[in-house]
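Thanks, everyone. Let me put the model up and walk you through a few places in it.

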Amino acid sequence: MNSVDRRLFMKLAAAAGGTLLVSPNFAFAGEVDNLSIAWTTDTASWDPNQRLSPDPQTILKMVFDQPIDMTSDLKLTPGLLTEWTLADDAMSMHVTLRDDVTFSDGSKLTTEDFRYTFFERVNQGEELDIAVGFGTVSDIEILSPTEAVMQFSKPSPIVAQWLSFSASYVVSKAYAEKVGPEKMKTSPMGTGPYVLTEYQRDSRIVLTRRDDYWGDLPSAKQITIEIIPDPTARLAALESGTVDIATELSIRDVKRLEQGGTLNAVTNPIARIIYVTIRADGVFADRNVRLAAHHAVDKDLLSKAFFGGDAVTINQPTIPGMPSFLPDFHFDYDVAKAQELLAASGFGPDNPVTLDFATTNGQFPGDYDIARAVVTMWEKVGIKANLTVITESQWYELNASGKLPPASLFVWENGTGDPELFAGNMFDADLPFATYRTDEVTAMIKPLLKEPDYDTRIKGYEEFNQYLIEEGAMIPLLQAIQTIGYRNGIEIKPWANGLIRPEAITIS
Amino acid sequence: MFIAILRVIVRRLLAIVPVFAVVTVLVFGALRILPVDPAQMSLPPSATIEQVEAKREAMGLNRPIWTQYSMWAQAAITGDLGESAQYRTSTAAVVLDRLPATIELVICALIFAVCVGMTGGLLIFAVRGTALESVGLVVTSAVMALPDFLLALLFILLLGVLIPIFPVNGRLDPGMQVPSYTGFLLIDAVLTGDFRVIVSAFEHIALPVMALGLAFSPTIVRVLHASLINTYQQSYIQQARLRGLSDREILFGQALKNAIVPVVILVGTQFGGLFGGTLLVEMIFSFPGLGNLMVKAMQTADLSVIMAISLIYCATTLIFNSIADALAYLLNPRLRNG
Amino acid sequence: MMGKMYRLPDPGLLIGGSVALLVLVCGIFAPWIAPYHPNDQELLFILAPPVWADGGSMAHPLGTDSLGRDTLSRLIYGARTAVTVAAAASFGAMLLGAFFAHLAGYFGGWVDWIISRTVEIWLSFPPVVLSMLLITGLGIGIDKVILAIVLVDWTRFCRVLRSEVQVARGQDYVAFARLIGFSHFRVIIREIFPATLPMLITLLSLQMGISVVVEAILSFVAMGVPSDVPAWGQMIADARIDMYYAPWGLALPIFAIFLTVLSFNLFGDGLRRTLDPRHTAQRSA
């Protein structure tokens with residue numbers, strides 16, 4: 001009996017040792033076999049160049065890599081590119097690609113793939129959102145497998161920011177041409193740290209780590225993303241331990257988690273602003289009405305009521321800490337001033353100015369509540385807003401056909417932090433986002449879009465931001481916050497662009 | 001005999017083909033009147049006016065509506081239902097992906113409703129003439145005043161939030177995996193043989209099924225109850241009683257067989273309503289079926305998906321109505337001979 | 001009022017009628033009964049619990065919602081929306097349905113064929129799906145909701161009344177009226193319509209309950225009334241997000257809808273028992 005036991009013990013010890021030898025990472029602290037994340041929405045498409053919308057980017061970035069990466073506070077840092085140099089006239093950019101990157105099918109990443117992604121694909125007429133940022137690329141000249149020069153049809157000072165932004169992921173030319181555009185939407189193949197191993201639409205995504213990844217290996221060998229649209233269900237999944245991390249929880253629940261102690265939560269201010277768009281025509285052709293609408297909104301109260309006071313109030317089309325932000329610029333909440341302005345135009349609480357106000361419902365946390373609160377704040381000074389609920393896609397369509405209501409609650413994501421992707425794109429009349437279209441705005445914005453000198457450009461945007469607010473061209477409300485809840489034993493470093501990065505998750 | 005039954009059913013089913021054709025025309029026409037532009041919807045927001053115009057041309061949106069309809073109909077017959085604007089992929093694939101979940105839900109709900117309804121009807125009938133009968137009927141009325149979507153919310157509140165017994169979202173616990181053999185999750189879960197997975201799958205479907213089924217059951221209770229009362233007035237029941245058969249033997253041996261006919265017909269004619277009820281219940285429970293897809297499609301004006309799902313709803317209603325019709329004809333000797 | 005003409009008032013009629021009356025009174029006199037304006041927000045006082053829960057106060061007896069609006073006042077004003085929609089939509093559906101039912105049942109032949117086929121096509125849409133499709137096309141608003149319900153539910157009246165009309169059409173007194181040369185119009189209005197009236201009233205009462213539910217459903221999915229009109233369905237939709245934190249906000253409007261629908265159903269059933277001679281005969285047999 002005894003000897004058998006001892007023999008068994010020896011065998012077990014040998015087996016355990018063997019395992020340790022085969023897989024050196026086994027049982028090492030800082031590694032975890034599987035990490036589950038409760039996420040809000042599916043990717044919709046696995047073609048990484050197809051959609052600019054912010055939600056899928058976290059998932060896409062696990063499978064694909066971007067030419068230029070970002071630090072957690074949105075500074076550019078080398079990604080697939082080790083070097084990028086913009087010409088002084090911003091008409092071309094020299095780039096150098098890493099030489100040690102392979103796709104998950106084993107093929108090597110070269111400048112052919114870079115050229116294919118940012119030039120050939122865009123020009124092939126495929127329906128890709130990436131065209132917004134790279135429509136100006138007139139050619140990408142290949143110098144060697146690791147060196148290329150991007151040529152632009154007009155000055156493109158922020159192409160480097162675009163290379164680090166949503167939808168800018170390098171795809172394999174050989175693979176894309178082999179499988180065709182349809183298959184690209186369902187079967188992703190990239191250079192990223194993970195490969196897709198299981199996918200159930202709108203339900204689950206399983207990603208397995210590639211151990212031949214060129215960069216630092218993230219701590220999770222496998223990441224399971226559970227698509228759970230309902231915030232209360234995401235919370236339930238976290239509390240029951242079925243997921244390790246849950247995003248976009250309600251602010252009240254986050255407060256509760258922070259007090260409870262068994263789970264952790266962070267509120268992370270991200271590069272996303274909530275604001276009210278204004279049209280330059282109709283009732284808002286009157287500058288008094290535009291400014292009154294801005295003075296009437298108590299942003300602190302909005303933050304307190306809907307974000308527990310955690311959301312930063314903003315008075316300009318950018319967020320604190322980003323280039324072109326003016327720290328000393330203020331715009332007051334002042335009901336008396338608003339009434340005075342309206343009175344000057346012949347309106348008042350008894351004779352209100354009437355307008356339509358569009359909002360989304362459920363597009364981002366608190367949207368519908370914020371819109372209804374703004375309606376009431378306006379009502380007090382003499383602006384009668386009829387609230388209509390639309391979807392994000394309807395917003396684009398209404399705006400394209402010129403039928404967007406005078407005011408609408410909207411959210412603007414700018415993962416680069418650069419002012420061109422804030423005020424620049426918000427007010428560029430050539431883009432589908434512009435609602436306040438005047439000749440004066442166009443005259444101010446056009447030179448900025450082409451300005452190659454960084455400091456001049458930022459200075460220009462500082463003036464432009466101030467002009468926009470003083471003219472009442474928009475009503476900035478709040479900087480959005482991302483909420484993340486996670487179990488004990490994990491640490492997460494939040495990224496200001498709202499991405500959850502596997503390498504930013506550490507296991508203790 | 002079997003051939004004759006089949007012939008009756010096939011004839012009824014053939015009769016719905018023209019009705020269905022008219023329905024497709026109506027839905028198609030209605031969706032084209034909607035103030036949305038399918039071309040704009042299927043392009044990225046950055047699309048220029050020329051690109052939208054080119055897309056309109058490619059989609060045939062500039063041609064007369066009947067040409068568009070015949071283009072759609074020809075493609076539909078080959079199984080091509082167009083491209084979903086929100087998923088930017090084949091509508092048929094998106095819809096078929098979701099269909100099994102809804103079928104599972106509606107069948108489970110039907111079984112639940114019939115069980116509850118039959119039990120309720122028999123119980124109330126068993127206590128006929130006493131005060132308990134009135135109590136039973138009042139309870140039935142009360143449940144009747146709770147449509148499926150209110151029951152769904154009530155169950156979430158009671159069994160999901162206050163006494164958290166059942167999960168209120170999705171189809172499986174996060175982290176569980178079920179390989180897809182049949183596409184029907186409950187069957188696939190059973191096939192895995194993993195007890196935890198099976199329990200999780202049934203726990204998740206419990207509340208939606210209860211909400212949908214319980215809302216449907218009072219109608220069954222009432223019809224069965226009324227039909228039993230009616231049957232007991234027939235002479236053969238009196239005769240059976242005179243022959244000394246026990247109450248139980250009369251009820252289950254004789255009466256129920258006849259009294260069940262109106263219930264079968266009711267289920268057939270009301271099946272469409274039950275199927276339509278999945279829309280809200282699925283939405284409330286984030287149950288990934290057709291209804292959820294439909295609500296999402298309506299919010300994003302995804303026309304080809306709305307069209308496809310509407311037609312599935314209509315076809316199901318029509319098919320079950322005509323089967324009920326055929327059954328009524330076959331089960332009711334008076335109708336058949338007269 | 002109806003009950004007095006008959007021997008014994010049915011209990012369902014009595015109870016259902018009085019609750020329905022209560023809801024109606026709430027709706028009509030909402031501005032006088034409600035302690036607050038339903039859209040008044042107190043953003044610093046959101047999701048207050050009802051008075052019987054910890055931290056509740058008499059200032060808001062049923063608590064407040066996610067925008068700090070008084071739940072009791074919103075329930076009372078919600079009754080106004082519900083009653084308006086229920087009455088108008090049911091009446092509209094009844095008129096449209098009864099009109100076609102009388103045409104089809106009285107004239108028969110191809111008129112009947114066309115109307116019956118139309119009803120058949122209509123009925124192939126599940127009602128919820130059809131009303132949501134209609135709202136997608138019509139847009140939101142109380143009037144649109146009413147119109148959608150009328151367009152969906154007229155078939156309910158048409159189908160049932162058509163056979164009633166057919167029965168009445170076969171009666172001797174109708175044939176006699178035709179013989180002595182009364183016009184079709186006069187025969188329908190004077191001879192047939194009174195015969196279908198009991199069924200019509202019963203259906204109307206049941207339809208009121210259905211309309212309340214449909215309005216709630218449409219408001220719930222934000223396809224109903226505009227956001228500044230208080231509605232029970234909307235209250236449910238608003239309260240859902242915070243149901244873990246404030247379950248009463250969800251429970252109260254559900255209860256309001258339940259009570260209203262139940263009262264209309266009881267009233268309708270009571271009416272059927274009281275008014276329908278065949279039904280009475282059947283019961284006593």
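Start with residues 12-34 of chain C. This stretch is 91% helix and 0% strand. Its end C-alpha atoms are 29 Å apart. Keep in mind that this is a predicted model.

Now go to residues 128-152 of chain C. Here we have 88% helix and 0% strand. How far apart are the end C-alpha atoms of this span? They lie 9 Å apart. Both spans are on the UniProt list of transmembrane regions for chain C, which also has 82-107, 201-225 and 245-268. That comes from an unreviewed entry.

Chain C also touches chain A. Each of the two chains puts 15 residues into the contact. On the chain C side, 10 are nonpolar, four are polar and one is charged.

Over to chain A and its sheet. It is an open sheet of 10 strands with mixed pairing. Read across, the order is β8-β9-β10-β1-β11-β16-β12-β15-β13-β14. Which strands stand at the edges? β8, residues 194-200, and β14, residues 383-389. Each has a single partner strand, so one side of each has no neighbour in the sheet. From one strand to the next, the twist averages 25°.

Look inside the sheet. β1, residues 32-39 of chain A, runs parallel to β11, residues 245-247. Two bridges join them. In one pairing, A:A38 has A:A246 in β11(A) as its bridge partner.

Last stop, chain B. Find B:F287, in the loop between α11 and α12 of chain B. Is B:F287 buried or exposed? Buried, because 25 other C-beta atoms lie within 10 Å, and the cut-off is 20 or more. Beyond its sequence neighbours within four places, B:F287 contacts B:A101, B:L105, B:R171, B:P208, B:E282 and B:N292. B:I205 is 82 residues away along the chain, yet its C-alpha atom and that of B:F287 are separated by 8.5 Å.

What covers the buried ones? After α12(B) comes B:A301, with a positive phi near 50°.

That's my tour. Over to you.

Conventions. Residues are numbered from 1 along each chain as its sequence is written. Chains are lettered from A and ligands numbered from 1 in the order in which they are written. This is a predicted model: local features need pLDDT of at least 70, side-chain atom pairs count only at pLDDT 80 or more; totals for chains, interfaces and linings use all residues. Two residues are in contact if their C-beta atoms, placed from the backbone, lie within 7 Å. Ala, Val, Leu, Ile, Met, Phe, Trp, Tyr, Cys and Pro count as nonpolar, Asp, Glu, Lys and Arg as charged, and the others, Gly among them, as polar. UniProt positions are given in the numbering used here, feature names are shortened, and annotations may be inferred rather than shown by experiment. Helices (H or I, at least four residues) and strands (E, at least two) are DSSP runs, numbered from the N terminus. Two strands pair if DSSP finds at least two bridges between them. Axes are lines fitted to C-alpha atoms, for helices over the stretch in contact, and angles run from 0 to 180 degrees between N-to-C directions. A residue is buried if 20 or more other C-beta atoms lie within 10 Å of its own, exposed if 12 or fewer, and partly exposed in between; C-beta atoms are placed from the backbone.
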